[in-house]
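Visitor: I'm new to protein structures. Could you walk me through this one?

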Amino acid sequence: MATPPVTELTDRARDIFRAVVDSYLASGTPVGSKTIAQLTGLSLSPASIRGVMGELEGLGLLASPHTSAGRMPTDRGLRLFVDGMMQAMEPSFEERQTIEARAGVGGPVEEALAATTLALSGLSACAGLVMVPKRELRLRQIAFVALSPEQALAVLVSEDGSVENRVIALPKGMSPSALVEAGNYMSATLGGLTLAEARTRIDREMADGQAALDGAARALVERGIAVWSEDADRRPVLIVRGQGRLIDAAAAADLDRVRDLLDDLEGKQEVASLLDSARAGDSTRIFIGAETKLFALSGSSVIARPFRGLDGRVVGVVGVIGPTRLNYARVVPMVDFTAATLARLMG
């Protein structure tokens, strides 16, 4: 069933529908006709209001969880409201300051992205999401520290000062001096290169016999760069902050839905794929409930917007995830402002 355009609703039906949506988004509970009569000020009896609500239910815009309950908007109803009736509320000065301050933290860009996402989560009362730009680290130094005869810690320091560690298996018979030799060779040879460039150079020097390394150190260099390159290819692309905000008083009555949503967030790759679909264009994308298979069970909505780097290319997507009853009019502009702030950061 296609969602009818707002223009096909009578003024009375639009007023009642808006009142149902506004009340539901504020309370999270179905709304009865007496409440609607008080909210709208319409000179209609509760019976007449129930009749209009029944018509809206027939259009697939409202639903009732059970016979004696009031009505609540369906996902299709929320889509109609968001696309044709919502009046956006710009972030306050204090909210803008909070987001900009978190984006301005020093250190690696991932830390600023995580801090900004946490601020967005707190302000929106949702979980904050940001897809980390897939950027190429440039190497400054690589070292190997023995943990046991079978394992070592590979330490990579990038030019932006970020440090990452990985535990790797050691070739048999690896001596402490070979660990030092391999680290010195990689730091001297690969400094300033990306991981992809480093792998190409090592492959070429190994093939040409240019690498002055003994057998054990050579094996460690090959294994180390392979581990780092593989890790870069599957580097986490999604930062999630504020999952605890998804469990509020209304959610406590529907723990199965919350559990489904938290399970969805554990499958980060699927959520990242959804965010990736928002990269096209400049506008904010809103995914409501069962419109996507991923959130059909949890009844969740995602608001997402891409942000661009200095060259104008999309480098990531920021957004929030929460129940379908989230405050779209307030949160959509907040996500828009956060995207603009991150665009300045990435520039």
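Visitor: Happy to start with two helices: how do H6 and H12 run relative to each other, roughly parallel or roughly antiparallel?
Guide: Keep in mind that this is a predicted model. Helices H6 and H12 pack at an angle of about 165°. Angles over 145 degrees count as roughly antiparallel, so the answer for H6 and H12 is roughly antiparallel.

Visitor: How far apart are the axes of H6 and H12?
Guide: Two packed helices are described by an angle and a distance between their axes. You already have the angle for H6 and H12, about 165°. The crossing of this pair is right-handed, and the axes are 11 Å apart.

Visitor: Which kind of residue accounts for eleven of those in the contact of H6 with H12?
Guide: From H6, the contact includes Val 109, Leu 113 and Leu 120, and from H12 it includes Val 331, Met 334 and Leu 342. Three residues of this contact are polar and one is charged. The eleven are nonpolar.

Visitor: What is the handedness of the crossing of H5 and H6?
Guide: The axes of H5 (residues 93–103) and H6 (residues 109–124) come within 7 Å and cross at roughly 160°. These two helices are therefore roughly antiparallel to each other. Their crossing is right-handed.

Visitor: How many residues of the contact of H5 with H6 are charged?
Guide: Among the residues that meet here are Glu 95, Ile 99 and Arg 102 in H5, and Ala 115 and Leu 118 in H6. The contact holds seven nonpolar and two polar residues. The charged ones number two.

Visitor: What covers the buried residues of H4?
Guide: Buried residues in H4 (residues 75–84) include Leu 78, Leu 80 and Phe 81. Their cover includes both helices and strands: H1, E2, E8 and H12.

Methods
Residues numbered from 1 in each chain as written. Predicted model: local features only at pLDDT ≥ 70, side-chain atom pairs only at ≥ 80, totals over all residues. Heavy atoms only, no water. Axes fitted to C-alpha atoms, helices over the stretch in contact; angles between N-to-C directions. Helix = DSSP H or I, 4+ residues; strand = E, 2+ residues; numbered from the N terminus. Parallel < 35°, antiparallel > 145°, perpendicular 65-115°, else oblique. Left-handed = near helix turned anticlockwise from the far one by under 90°. Contact = heavy atoms within 4.5 Å. Nonpolar A, V, L, I, M, F, W, Y, C, P; charged D, E, K, R; others polar. Buried < 20%, exposed > 50% of the residue type's maximum accessible area, 1.4 Å probe, protein only.
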